[in-house]
Each structure stands twice: as C-alpha cells, then as structure tokens.
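Please look over the sequence and the structure below, and then read the report with both at hand.

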Amino acid sequence: MSRDQNKVLIANRGEIAVRIMQACRDLGLDFVAVYTKEDAASGHVALARELGGENALVRIHNYLDAGDVLSAADATGATAIHPGYGFFSENYRFARRVAERSRPMHFIGPSWRVIRDLGDKINTKRLARSLGVPTVPGSDRAIYDEMEAESIAQQLFDYQEKQGVSRPMVLVKASAGGGGMGIDEVHNMNRFRQTYRRIRNYSQRQFNDPGVLIEQRIFNYNHLEVQIVSARGGENPVHFGTRNCSVQSPGRQKRIETAPGFFPEGLSYSFDARKVMDDIVRHSLSIAREIKYDNVGTWEWIVTPKGDPFLMEVNTRIQVENGVSAAISRIKGQDGVNLIREQIRLGLGESMGYSQNDVSFAGVGIEYRIIAEDTQNRFAPWTGRIEKIAWREQDWLKLHTHVPQDRPYQIPTEYDPNLALAIIWGKDLEEAKARGTAFLDDFVLEGVDAQGVALKSNIAFLREKTKDLLEF
Amino acid sequence: MDIEKSLEALSQRVAYARDIMGTRVSDRLEAVSHDIVALGQKADSLSMEEALDKTGELSRRLTTLEDDLDQFLTPMDKVRVVRHPQRVCLKDILENVYDNYTEIGGRDEVSIDPGMLIARAYITRRVGKRVIHHPVMVVGQEKGHGQEFRNGGSIKPWGNAKALKYMKVAAQENIPIHAYVSTPGAYPVEDYPGAAQQIAENIYEMAGLDVPIVAIFSEGGSGGAEAIALADKRLMFSHGYYSVISPEGAAAIECKFHGLTRATPELIEQCAKHQQITAQDNLRNGYIDGILQEPPLGARNEHFDFFKQLRASVIRATDEVVVNVQSVSLLRRLAMRGSKRRQVGENVIVRWELAPDDRELLVWRRYQKYRKMSRQAYIDKRGIFERLAAKHMEFLFSIYSTVRYEILKHYQKKIARMATDVTDEIHVVTSKMDRLTCQAMEALGIPQWGGGSDESALTCLSEPRRDQGNSGGPAYVSPKALDDREVSCPHAATRGCLDIWARDLFGEFAGVCPNCGYHFPMEYQWYMANVFDRGSVREFNQSLAAGNPTGFPKFDERIQKAKETTHLQSSCVTFNASIRGIRLTCGMLVANFRGGTVGSAEGEKLIRALDLARKRHQPFLAYVHGTAGIRIQEGVNGLIQMPRVTLAVRRYIEEGGLYIVLYDTNSYAGPVASFLGCSPYQYAVRSSRIGFAGPGVIRETTGMDIPPDYHSAYKALSRGHIQDIWDRKDVRANMHQAFLTMGGRNLYYR
C-alpha cells in the first residue's frame, strides 16, 4: 500500500491535532479528526472542517474511550491512528490493541513492546544501568525490606558527603506511585526510618504495594532532552540534538524550551558542556539500539551543577517541544524539518531515507508556551473567554495555536490551558533572545472571565526568564 | 351414633388414601367410597347389628385395599405420605415413644424457631427386676400437623443453632441424642447466621459429638436434614424419603434440559424415581442402617403399634451403638446378636452413659462408618495392580509419616537447637579471626575487597529481586483473551466504567475491571498457573471418575460430554503444589464441569486429598472455582458427601492441619453448607457470591424476591461467614501470608 492510500485518525485535540493535520496535508494523506462536545468550537475542529470537510470529522464521547475512538476509525475507514501526546500516546495497551485487533491499523508511535518496556521507570532505570548508562544514584527496584532500605539510604548519605554535596538529601518514593503522590525527602539519617515507614504505609494503603524507591535528591539541575528518531525495525536511530527544558513552573511544567541543550560557543560552564551533550546523546542512542526503538521519542536527562548527567526517563511519544529541535536541524542541509511529518512517515512503515551524517544543526531555537495562568498566584490556571489573540508574522517565527483568531474563544475547563506555542530561531543565542523578547513584546492576548477579571498570562514570566536563558 | 362415627372414620381413611394417590384414581377405592356413602344413607333403616356387620366388612375391605395400594406406592406417593398433615409428627412420637419429656429451648409459638423441637425425654426400661431410666436429648423438626407457625419443618439458621446448642448440652451431660428428621429442606435465608454457615457448623460439630446419636428419617430433605442427621445409627421410616433435593426441585432443574418451561407431573415422578429417595433404595445403597416398617399408607396418629415398634427400635439402635464401643461388653454384644429376631434387650442391661475412652472410640467409629459409604457410586479407573500398589504405598507412607512426625519430632527439635547453639559458639571465634585479618591487611596496606563498593552499588545494576517462583511471562492465556471484542463491565452504568477490550481484560488485567475492580470469572487454569509456583503442580487421583450411580436417564451422555469438554474426570481436581516454597495439598472444585457440583467421586477425591495432607503434614487449600451444590442426579450418593467430607475435614483439623477455603465465583448450597463452610479460615475473591440457595430457588421456596447483593461476598463477610475478601491479583501473596501467619513455623500447627 502506498503512502497516500492511508488515512490517519487523529486521536487528540488542540495544538497537536492542528499540527498533525498540517503534516498529513503536507504528506498528501487523508485524515480524520475526532472531537468532543466541549471542543466543538476549538480551532482544530475548524481546521479539520476547512481541510477535509465534514467527512473528516467524527464526534466522540470521550478522548480516552478506546472503543469509541476505534469505532470512529472503523466507520471512517482509517488505516492509522496518531495519538498525539497525552491521552493514548504512552498507553501500550492501546497501541497493542490498534496493532492486534481483527482490523489492525498502524499505530503512529513506537511498537507496543517498546512503549511497555520504557513506560516503566524502574524498568528503564535497570535497562540503562545494564548498559552502563548513568542514572540517579539509588535503588533501581522496589525495596520491601526495612533493613535494606536503611542501608541504601546510609550509602546515599555517605556518597553525597564524599561528593561534597552541601545539603545531602534522600528521596523516598512509593514505587507504585506517580505524579508527586507518595514522595518525601529526608535530610538526616536519623529521620529516615520514620519517613520510610510513613511512605511505605501510605503506599500499601493507596496502591496495595509496600515497595519504595530510594534515590538521591538532586538540586539545581538542568533538564535536558535528546530527540531520537528511528524507523520501524529500529536498526539505525538518528538523534536530532538536545534541548534544554529547565525553565519550569513550580509544578514542574515546562514553560520555555531551548535547543541545543547547552551553548558552549557563547556561554561558559563549570564543566565540559560539549562532552556532556555528546555523552547523553551517545547513551540515549545506545538504549535506543538495545531496545530497537522504532519511532520518535525523547530521552529525558538531568545534569547536576557539577556536570553529571543522569537518565530520568524515556518519553515514547512526540513531545510538545518537538518543534524547537526541528527549528535548528537540517536534513542534508535542508531546513524545514518537521518531526511530526517524520513520525507519521516512519509510523506508516517507510524507511528513514537519511542517516546521522545527513543531520546537521544551525543556530538556537527557543520555544515559549503561552498559557493563561496567574504567575503571581502559584501559576493557578485562568479560564475565561479569549477576545483577541494577535502577533506579527516573522520568517524566524513559527506559531502554533488552536485558538481561532477571528472570533472569541472560550477556554474549555476540561483540558489543559496551553494556548499557543511560539518557536523562535536565531543564528546565535543573542539573536534568538532578542527576537524572543521582541516577539513577546508584540504578542497580544486579551480576554475576560465570567467575573470580569482580565486575562492573566505568563508572558511577563517568559520575558523575565529569557534574560538568562541557557546559563547554568 | 357409633355407626356414624365409624363411617366417618372410614370415609376419612378413604380421603387420606385419595390424597396419597395424587392424580391417580383407583376403581376399588371409589367403589368402597361409594359403598360407604350408600351405607350412610340407609344406616337408619338397618338394625344395629346389621349396620355393624356392614361397617366391619367395609373396614376389612378398606384394610385389604390399603394393603394392596401400599404394595404399589411410587416414590412420589411416599413424598405425599410424609407431607400429609396426618403424618405422625415429633410431638406424637414424644407422647407415645418416650415415657416423660420436657420441651426445652422454647415451646410452640414461643420459640426462636417453632419448627425445631427439642426435648429432654426419658425412656424407662424394665430388664428383669431392674428398672433403668435413660435420659435422652430428642431433637427434630416438628411439622405439627400443618400448624402454620411450624413453617412445615423448614428450619431457619437460628433453629439449627438451637439444635446444635442442645446437642452440645447432651454431650456435656453424656446422654444420647435421638434426632428425628422431618424437613423438606432448610429455609434459605441469609441473615446472621446464614443458612449454609449454620448447617456447616452443625455438621462439623456433630462430627465430634462424643455421645451416641441415632437419627430417624421421616422426611430427609437435603441440607436441612444433614444439619441434625450425622448419626451413628440411621434408621428410616419405610414410607419416608431421604433425598438431596425435593423431587419438584429436581424436576425444576431438569426441565431446562428437557426443554420445558415448567416441570410436568410426569417429570417430577421420574425424578423421584431416579433419585432413589425411598427407604428401600437408601438401605440398598448403604446410607441407612435399618427400616421401620410403617402401617399401610404410612403411619398416622392412631397407629399405636407403630409407636411401640419405634420405641423398641430406637432403644435397640442406641443399645447397639453403646455396646459396640464399650470396652467391657463382649457378653452383651453376643447376647444382642442372638436376640436379633426376638424382642429387644430382654436380658441385656445397657447404660447409655459412656466412659471417656469409649467416647473417643465412638467418634472414630462414626468417621469410619461414613468413610465406607458411597464407595459403589464413583468409578475407579485404576487397574488391579495400580490399586494394590496404591494400597501398599499408602501403608508405607503412613508408617513413614508416623516415624517422621510422631517419633522423630522431639529429637528433630533437639538436634536443630543443638546445631544453632554450636554455630553461635563458633561465631565467637570466627568474628575474632575476621577482625584480626582485617587489621593485618590494613597494616600491610592491602586494599580490602568490599571497600569502595558503596558508590558502584548505588549506580550500577542491582541484583534483581529474588524470584518469587512466578516471574516471567504469563504461563496461561485464557481462551477468552483471544477474541477481538469489547466487554462491558456490569457496573458501567453506576461507576462509569469504559468498555474493556477482551484481550486486555482476560489477559493482563486477569479479568478485573481496571476502573471499578469488578472481577469477571476466570478459568481455573488461571489460578493453577498464577497462584502456585511454576511447575509445582502435581495432580493425583485423576482416575477417580464421576459416574451415574442412580442410572438417571440420559445423564450418562451428559457427564460424558462434560468429561470431553473439560478433559477432566470429575469436577474436583486434587494436587500437590507450592506457594513460594510452601508445600500444600489443594482440592479444587471446577465450575466448568457440570457447574462444579459435588458427587461421590468429588467427595472421595477430597477425602483422599485430606488424608494425604494429614499424612504429609501439609496445609490444605480448598479452592472453590465455583460450585452449584451437590449433584442432584446422584441423589443421596451426592448428599452423603456433605457429612463424609466434613468428617474427614474434622479429622484433619483435629490432628493439627491448617484448612483454608477460597471461594472464587458463585458458591452455593451443599458444599458451602458443609465441608467448605466449616473451615475457620474462609476467604473469597472479590465479586464472588456465597450462599445457601440461589435466587431462583429462594423465589420458588419462599416466594421472596431477594435484593441483588443478597449473596455478595461483602454480605458474607459482614455476617462472619468469610474472613476477608481478596483481589484476584493478591491471591498468591495473601495466601502465602495466610500460611505464614496461621500455619506457624512448621505449617502444621500444634
């Protein structure tokens, strides 16, 4: 089956749905968009209607109802499903179901075994260690025994002392937990047992599993990512450089991403930044080769102030910030790289068509996530009606939004309030920062909520953080 | 006047005979009836003597007719006999058989359960010049000639609890128990306690009551009968029936198979015949020890000869039980044997109090009595050599078991303690040596191994957690997990569960809804593969096969079909296995094989497994994948498994075994009301249902519509039937924990 006989069902909403539609159009593919009652006025629905007509739209009950999504796919004759990010993107059961049902389809993402193996953080950590990839010091399996837990904690304190860490600290977390639940830190060995027991009991109660993980707590680290792209079969994974995602909200939500991860050309670091970036790329590729990674994915790393990189986890999906890596990448010297397009192409089983040697990098990219939130008040989300959204088009700017520009738009409360993504490119860091500031100055976002309170956005926060970007 | 009275009496006898005949019409009976009416009309015109002559003749005719009719009573007629309001009831028996009695535990309406009558009674006996008073405890169901409040002898759980209480009192006072069974079945109510729960307790406790128990069956209906009928001597009225389920109930179940919506009278008749419910059938099958011949068409209040005979029989039965276990009784035994045909106990003095040693022997005899029952009812497919070899092995194994666990036990502990003491002593020396070597190496500047390992331990691959015996991919894939379809959770409407893909649900989720935790039924193989250690399952006694001992029509094909579809020989699978290294014996009731019903083969397999566990000193797990009750087509052959297996369970527990029961799906009726329900440790998997009678049967028998959660595991938990509810995925871990905490160090406590 040639490529243009395929039809992609986009099982997502908002900005990523818009970008997948555009990528499909670029590749000459038919697509089907799904939407729910709440999203009927969203930009992705309007765009789908514009590009594909009413036939390209199916209303479903719930983005997370697999049966609903698949019956929409069957009804429209879709041959592939793109999960976007969130929702089904890292759900290996869904991926398996798409691939193994009686009318199988392409799942545009890694094969389900890969998603399953890398979706488990503990499993990823063990895999990494078996390949000699550095991970955060601590246990790489759930600990069930109090004596063992204490000895690991003691070793961690000793280790940090030897390393000269000023405030040694150990994290105790429920192995079955996640999302910040069942996690606590210990400053002092004397307090360890108390904390351990509390977390263990919490975990037993909440998750019916008393296992805990014990790790070193690392402060002031930089959050780096490696973008990996690989074709089905996973023989020759290619990386698209590193990204730095250290500017985050207090809830660890990313706000600004830059590529590359460090900028040794213009900034000075207390460690060999080039070597660190090379190392994490090398390590990431070794894991990708080992597990035969076969689509687009991101390896998340943390780098300590002393320049030690540790692998955190692997995101087996396209990420929000894929555009910023694409902005600085060139394939065979050509710009206009689109990772979503690559993802769809490879997901449908096509071969890479280029190798690592064909990929080169130029300049600096910055991505802003423009979100309606009150940065003064613990980044509380703001919901209301957007009256106006406007910006000046530039050839160094790519802006993705699902907010319609020609009419007011009510932010749905059901989903996250990410409004727009702006990707700025400059030939060096100075230029990128200047362009970024200029963009933020020009950007207009106005609205009002039900109480008559004016829209609050994070633009000022982004402008503030742009000043010392990539410094460490 | 006398004429009228005797005519009235005659027409009543005719009416009674008509009742018994049911729908059939006897010409001779109608003729007699006609003559009675005719005589009544012209009675005035006759002289007294003529009239008396005529009535006397009619009476003789009627008696002959009754005799003739009695020859051809069908099983269903006998069911009508025992249910007739004129049937002798327990009060009549107390009045006429015993010399004096006091009702205890409530009287008539003023009782916790008026259907259960308990009385302390006296039998006074003259032997030669001596007068002996025998106190006895009489328990039994009372129908009370149709008194409404007696509930037809259908006993609620608290009635059975009352009976048990006073049976224990009898054991305390060392007096025999006479149990008169006259119940259509227990009342299926799940209150505190539940019907099954209480019957199980009754059977279990009766298995250990160390006083003579004599049971006399008039109407023995299923679990209600078993609740007081576990006896050393079981007698039966010749017109009584003793059955696993009433013929109507059996027909209601069978009618589905015959494609009928309602049971027809013919089908009921057929079921009654093939279940072998009559006294004669039961005597032939060995489930009762003797028959009390009733007058034609059944005993009624006016049959004083019958009461005399009954009195003699119960005295003789009790005497026999007592004499057989008394240590100094040789002459009396011989005397009684000689006097079998003559009037009972003329020269024999038997006192019904037992010495402590005799009481132990009595319980042991009772165990053996039941152990020998129903041997003819299952199919043993082993060849003669296999059987001999098994016998041999069994004998050798019991010797080994005795030596290993009884004789060597004490020395074993001593040796183990000695060994630990010695190693602790040696440790003093070795630790000193270690310290010295360390110091020496430090002084010489030799780097010590183990030093500096801290850092690498924290950042390198650690040892994987030691295998718990069951890691690796799934060992068993459910056939339901192969088709591509969506399954709706029954809680979808209330809890908002999304439909689940069958392959996820029956594969990875092990049949548990990820949203609400509803447990879909899984195959028993899932448990075999996931609860026990890989490759540790060793099945035994596969060659015992379920058969069709009653010759139930068309049942051979059905049981053959079950064998073919499940590849099992009976609904019970017994095997040795281990959970995290703890060896155990398991008996599994498989729902796929005829609903997990228990017949004689299943009972025998469970008893053999219990014996094996006892000899091997292993804990026993009764895993109930699902059971619908006793296999009704086997009749009493199935019903008798309730006391049989319970006795084996009692023996196992008393010798120190740990008996754990786990219910998985729907578990109802007989097994739950006996050998399963009597376990002190019972657990249920979430979403299972546990009860005495299913919703349909309850509606039929009581007319009540029960709420949907009536039998849910939570209800069973709240009324104390089960100890806890487990999630399917935790069964292995919880089972291990249970064995550790309940079994003690050697897993065979005490």
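## The surroundings of one alanine

Leaving out neighbours within four places in sequence, B:Ala609 is in contact with B:Thr574, B:Thr585 and B:Gly587, where contact means that the C-beta atoms, placed from the backbone, lie within 7 Å. B:Ala609 belongs to helix α22 (residues 600–616) of chain B, and it counts as buried because it has 28 C-beta neighbours inside 10 Å (buried: 20 or more other C-beta atoms within 10 Å of its own).

## How to read the model

This is a predicted model, in which local features need pLDDT of at least 70 and side-chain atom pairs count only at pLDDT 80 or more, while totals for chains, interfaces and linings use all residues. Residues are numbered from 1 along each chain as its sequence is written, and chains are lettered from A and ligands numbered from 1 in the order in which they are written.

Strand β1 (residues 100–104) of chain B is joined to strand β2 (residues 116–127) of chain B by five bridges, and the two run antiparallel; strands are DSSP runs of E with at least two residues, numbered from the N terminus, and two strands pair if DSSP finds at least two bridges between them. Within this pairing, B:Ile104 stands opposite B:Ile118 in β2(B).

β2(B) is also joined, by 12 bridges, to strand β3 (residues 130–141) of chain B, again running antiparallel, and here B:Leu117 has B:Gly140 in β3(B) as its bridge partner. β2(B) and β3(B) form a hairpin with two residues between them, and B:Gly128 in the turn has a positive phi of about 65 degrees.

Notes. Helices (H or I, at least four residues) and strands (E, at least two) are DSSP runs, numbered from the N terminus. A residue is buried if 20 or more other C-beta atoms lie within 10 Å of its own, exposed if 12 or fewer, and partly exposed in between; C-beta atoms are placed from the backbone. Two residues are in contact if their C-beta atoms, placed from the backbone, lie within 7 Å.
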